[in-house]
Amino acid sequence: MIPDEAWNVLHRLRSRGYDVYLVGGCVRDLIMKKTPKDFDIITTADLRQVKDTFSGSAVIVGRRFPICHVYENNSIVEVSSFNTYARGSSSNQIYTSKSPHCSQNDYIRWKNCQGRDFTINGLMFNPYAEKIYDYFGGIEDIKKAKVRTVIPAGTSFQEDCARILRAIRIAARLGFNFPKETAYYVRTLACSVARLDKGRILMEINYMLAYGSAEASLRLLWRFGLLEHLLPFQAAYFSSTRFKRKDKGTNMLLVLFSKLDNFLAPNRPISILALHEALVRQPRDPLVVATFALALYLGGDMSLALDIGKSINRQHNTGFSELLEPQVWDDKHLVGEVQSLAVSMRRALTEMTDEYFVANAMAKIPQAPSSDLVFIPLQAYLKVLKLIECVQHGKKEHGYEPKRDGNIDYHDLSYGTPTEVRNVFTLVVFDTIYPSNTENQQDDSS
């Protein structure tokens with residue numbers, strides 16, 4: 001399960017006499033028989049020695065905790081150094097005493113693992129000796145499906161409040177739980193995440209919503225009081241609908257993201273949030289929503305979107321308050337409704353990126369802090385806005401050609417290409433509005 005790119009880096013460093021290990025989340029995923037998203041390597045070589053080993057294909061990045069990016073076959077393998085960590089560590093980080101029988105090599109590994117965020121990430125693997133080093137009970141926590149901090153949770157989260165978001169992300173992705181101490185401090189220190197750089201918050205939210213565990217992430221963010229800090233419009237929706245953790249299939253926002261999870265999601269979940277917020281403000285006929293999605297998929301070709309939309313004869317999901325009872329539309333009025341939805345979606349998107357409206361949204365939630373945090377960057381806002389405007393104006397984009405089929409090109413999806421983003425957006429909308437198991441859902445609800 002270790003790709004050639006990682007092996008190449010391991011082999012070349014080892015051939016120069018350096019010790020090398022895989023470290024962190026990739027070791028955890030390998031133990032769980034999951035394919036790691038990326039591979040991190042740690043070595044006894046200095047970063048300068050790593051760079052010299054891969055002359056012309058490696059660059060040192062980062063200031064506080066520098067690492068080396070090694071480029072192999074269009075992939076990046078991250079390499080860190082024990083020496084860098086040793087220079088950056090301080091005596092007050094030692095929370096467990098060193099065993100008198102601990103060798104120097106064990107001490108170096110142990111000290112590095114102690115600086116990791118969670119026990120399940122504090123694992124090292126020597127692939128040549130086929131040996132895993134576990135100094136803090138990470139394997140036991142994997143068996144128990146627990147996300148536990150290496151050092152006391154309160155101290156860990158106060159040192160780096162980004163660990164709170166990582167805890168949520170990891171628990172959602174793996175289906176793990178928190179021990180009582182970790183859960184207590186995730187909730188108690190939730191407000192501290194507002195201090196993070198907006199770019200960092202966007203990255204963490206993107207990781208949560210765009211890699212197959214969005215529904216679980218939203219549930220955990222709500223459960224631990226983080227949603228109102230990060231996505232206040234969506235928190236206001238949860239609050240107004242009196243959402244409960246055990247609710248299944250009745251929350252349209254969660255169903256949209258559960259469908260997105262099925263496709264492993266594009267790297268731009270903002271359009272889903274904007275569409276749902278528009279429907280919360282003004283519920284729509286299912287055909288209007290479907291035709292909007294088709295028009296977006298077709299690059300603004302409203303005529304073809306109408307033809308396809310009006311041929312739909314499937315039963316819509318009747319469990320969402322955001323969807324009205326369907327009615328018969330003539331072409332003129334249907335176009336007007338679709339363009340009205342585009343305008344509403346644009347307004348919702350604009351307000352989600354406006355500090356004044358974000359602050360007002362937070363004011364609607366009793367437990368929410370007073371904040372005007374906006375983390376959606378201008379570039380992402382403009383990209384989504386461009387997609388919406390092609391439907392709003394009802395003019396097909398010049399030179400745009402939609403996909404010939406609904407199959408997903410995951411390579412294009414990883415780069416957020418407009419064609420693939422439109423494709424997945426439309427698939428998500430249709431799977432939410434017209435699920436293949438609608439009859440079963442209606443039977444369950446009755």
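## Close-up views of a predicted model

Among contacts (heavy atoms within 4.5 Å) between residues at least 6 apart in sequence, 69% join residues at least 24 apart. The model is predicted, so that local features need pLDDT of at least 70 and side-chain atom pairs count only at pLDDT 80 or more, while totals for chains, interfaces and linings use all residues. Residues are numbered from 1 along each chain as its sequence is written, and side-chain values use heavy atoms, with hydrogens and water left out.

**View 1. The whole chain, with its secondary structure and surface.** The chain comprises 23 helices and seven strands, taken as DSSP runs numbered from the N terminus (helices H or I of at least four residues, strands E of at least two). Of its 446 residues, 52% count as buried, where buried means under 20% relative accessible area, exposed over 50%, and partly exposed in between (1.4 Å probe, protein chains only). The accessible surface comes to about 21400 Å², 48% of it belonging to carbon and sulfur atoms; the areas come from the Shrake-Rupley method with a 1.4 Å probe, and for residues only the protein chains shown count as cover.

**View 2. The nonpolar cores.** A nonpolar core is a set of buried Ala, Val, Leu, Ile, Met, Phe, Trp, Tyr and Cys residues joined through side-chain atoms within 4.5 Å. The largest has 125 residues, and those with the most contacts inside it are Leu22, Leu226 and Phe292. Helix H16 (residues 286-297) gives the most to this core, with 10 residues. A second, separate core of 11 residues includes Val23, Trp110, Phe136 and Val150. Leaving aside neighbours within four places in sequence, Leu226 is in contact with Ile164, Leu165, Ile168, Val186, Ala190, Val193 and Leu221.

View 3. Strands pair if DSSP finds at least two bridges between them. S1 (residues 20-23) and S2 (residues 40-43) run antiparallel and are joined by three bridges, with Leu22 opposite Ile41 of S2. S2 and S5, by contrast, run parallel and are joined by four bridges, and the partner of Ile42 in S5 is Ser80. Ile76 is also found in S5 (residues 75-81); because its relative accessibility is 41%, Ile76 counts as partly exposed.

View 4. A salt bridge is a side-chain nitrogen of Lys or Arg within 4 Å of a carboxyl oxygen of Asp or Glu, and a search of the whole structure finds 16 of them. Glu204 counts as buried because its relative accessibility is 0%, and Arg169 counts as buried at 18%. Arg28 and Asp29, both buried, have their closest N and O atoms 3.1 Å apart, and Arg28, Asp29 and Arg173 are linked in a network of salt bridges.

View 5. Arg422 lies in helix H22 (residues 418-433) and counts as buried because its relative accessibility is 2%. Not counting residues up to four places away in sequence, Arg422 touches Leu296, Tyr297, Gly299, Leu387, Cys390, Glu397 and Tyr400. Lys403 forms a salt bridge with Glu420, with the closest N and O atoms 3.0 Å apart. Here Lys403 is in the loop between helix H20 (378-392) and helix H21 (410-414), while Glu420 is in helix H22, 17 residues apart.
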